[in-house]
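Open the model in your viewer and keep the selection tool at hand. The stops below say what to select next and what is there.

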Amino acid sequence: MHQHPSPRTPLSRRSALTALAAVGTLLLSACSDTSDTSATDTPASATGAPVDGGTLRYAVAGSPATAGDDPHGGLGNESDVLRFALTYDVLTVPGEDGRTRPRLATSWKPNDAMDRWTLTLREDARFTDGEPVSAADVLYSLRRIGGKAAENYGRLADFDMAKSTAPDEHTVVLATRAPMADAPRALESVTFVVPEGTKDFSRPVTGSGPYRVERTGAQSTVLTRNEKWWGERPHLDRIEIQAVADPQARADAVASGQADVAGSVSPAAVKSAGSSAKTRVVRRDGVTEYPFVMRLDTEPFDDPRVREAFRLAADRKALVDTVFLGYGKVANDLPTPYDPSAPDDLPQRARDVTKARKLLAEAGHADGLSVTLHTTTSYPGMDTAATLYAQQLADIGVDAEVKVEPADTYWTAVYAKKAFYTGYYGGISFPDLVRVGLLSDSPTNETAWRSKAFDDGFARAMSTADEARREELLSGIQRELWKDGGYVVWGTGDGLDLAAPGVRGLPDGPGFQRMFIDQVWMAK
């Protein structure tokens, strides 16, 4: 699943998704940035206290071909998501401990059936034109997101917006189509609120976030501090967002002094930056995945023996060592191994060429099998992973032709369409992944996974108020996915950003969390 930013933003697709990959913090003053010990760091100031002023130049993944101005659409560019996260308020955000924290919504409470959630909104939030942010604005925005499900991977598909109401200026009652114990979590980070009735996004739309748009285009945006924001005052005067599709070009921009931050750079770029006094490294532990995705409704992957053979063909350590260069670890075919609900007692699947060949023979492919493995350069290492895996598949008699697709169109032309391709997750939670891509009626069922037992198990989990019991139920349904699903999840890598030595306060969490940079500051 493509999770932006790779969410979960875990999203993300796929965040988002893209990822949804699907997944910010309440105020990033609580977040710390962790530096690679080989990178140069410099003192922030004499006291280490944040200082105000300055301009941050942020080079982030994005392409003019997939740029968009609508915060309720597909979120195809991280550069767009970063702009939206700074200019619009959202209802909730993930905290450091993974639990949902308030933002525009100050509190929430379910009914006994857990299919109605009452949200209380801040009373001091205002749009930059001075108008108060009301429940009507929130409900309009959520309904608009729901109405654009075909574009945004159905990220609010489990909410029944027609039955949701705004009983007063600061209360929203959200209905869900089924019991939904984690509704506040599903609202995290991407519920961008615009004024009621807004339809034209071809020009900057009034927001109520920490920054306001000074000027914007497909490749760059300039934001200035919103002095009237209700939250903790941002330190930076200006933030300049630069959309740069190539990850090495983003890294080079920091090394050459053309940018202060480069998001989602390659491990190779980090290695080369280790001896440079011009850069430091921000690591987001274990949030990056490039799973190989097999569609169960397409030959030859409609046969579970073929899927198992492809999993057994993977030399996971070789993939992790080659792609992540020491910034990753082996995974075990669970698409969200970092999620609290991920089972930790499954046997680690290891390479077994003999067994894989036997399974292919039983499936009618004793004389070999030819497939096309699609990949791209959208995120650093995706093409390297596919090339190495194709070599590993050759050992079990599979001729895998690697086809490197253009990064600009990969997530619209390949993702969830081709039978066999390289995916991306950036920290999406397991429940978000299930809703967007694993239920029988999910809007973007990327592997064509359809299991009544799985669907029923998820429904039981979502109707369970007790968090420990809910995670136990979610753990149970992941066992079926591990056994018969359409993923080869061979490893997880650290998300890697490069920053100039003076940049402070960059978030290091997964998914959409890293898009909320309103408390970043520059050392003098």
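## Stop 1: two packed helices

Helix α6 passes helix α8 in a left-handed crossing, that is, with the near helix turned anticlockwise from the far one by less than a right angle (clockwise would be right-handed). This is a predicted model, in which local features need pLDDT of at least 70 and side-chain atom pairs count only at pLDDT 80 or more, while totals for chains, interfaces and linings use all residues. Residues are numbered from 1 along each chain as its sequence is written, and side-chain values use heavy atoms, leaving out hydrogens and water.

Select residues 304-312 for α6 and residues 353-362 for α8. Helices (H or I, at least four residues) and strands (E, at least two) are DSSP runs, numbered from the N terminus. Two packed helices are described by the angle between their axes and the distance between the axes. For α6 and α8 the angle is about 160° and the axes are 8 Å apart. Axes here are lines fitted to C-alpha atoms, for helices over the stretch in contact, and angles run from 0 to 180 degrees between N-to-C directions. α6 and α8 are therefore roughly antiparallel to each other; the cut-offs are under 35 degrees for roughly parallel, over 145 for roughly antiparallel, 65 to 115 for roughly perpendicular, and oblique for the rest.

Now show the side chains in the contact (heavy atoms within 4.5 Å). From α6 come Arg305, Val306, Glu308, Ala309, Phe310 and Leu312, and from α8 Lys355, Ala356, Leu359, Leu360 and Glu362.

## Stop 2: an enclosed helix

Select α1, residues 78-87. Ten of its ten residues are buried, so α1 is largely enclosed by the rest of the structure. Buried means under 20% relative accessible area, exposed over 50%, and partly exposed in between (1.4 Å probe, protein chains only).

Which residues make up its covered face, and which its uncovered one? Ile239, Ile241 and Ala243 are on the covered face, whereas Arg238, Glu240 and Gln242 are on the uncovered face. In a regular strand the side chains alternate between the two faces of the sheet.

β10 pairs with β1 in the parallel sense over six bridges, and with β9 in the antiparallel sense over five bridges. Two strands pair if DSSP finds at least two bridges between them. Opposite Glu240 of β10 stands Arg57, and opposite Ile241 of β10 stands Thr221.

## Stop 3: a buried threonine

Go to Thr422 in strand β17 (residues 420-422). Thr422 is buried, at 0% relative accessible area. Leaving aside neighbours within four places in sequence, Thr422 has contacts that include Tyr290, Phe292, His374, Met382 and Trp411.

## Stop 4: backbone details in loops

Select Glu299 and Pro300, which are joined by a cis peptide bond with omega about 0°. Pro300 is in the loop between β13 (292-294) and α6.

Next, select Met114, in the loop between β4 (105-110) and β5 (116-121). Its phi is near 60°, a positive value in a residue other than glycine. Met114 is buried, with a relative accessible area of 7%.

End at Leu325, in the loop between α7 (316-324) and β14 (328-330). Leu325 is not a glycine, yet its phi is positive, about 50°. Is Leu325 buried or partly exposed? At 31% relative accessibility, Leu325 counts as partly exposed.
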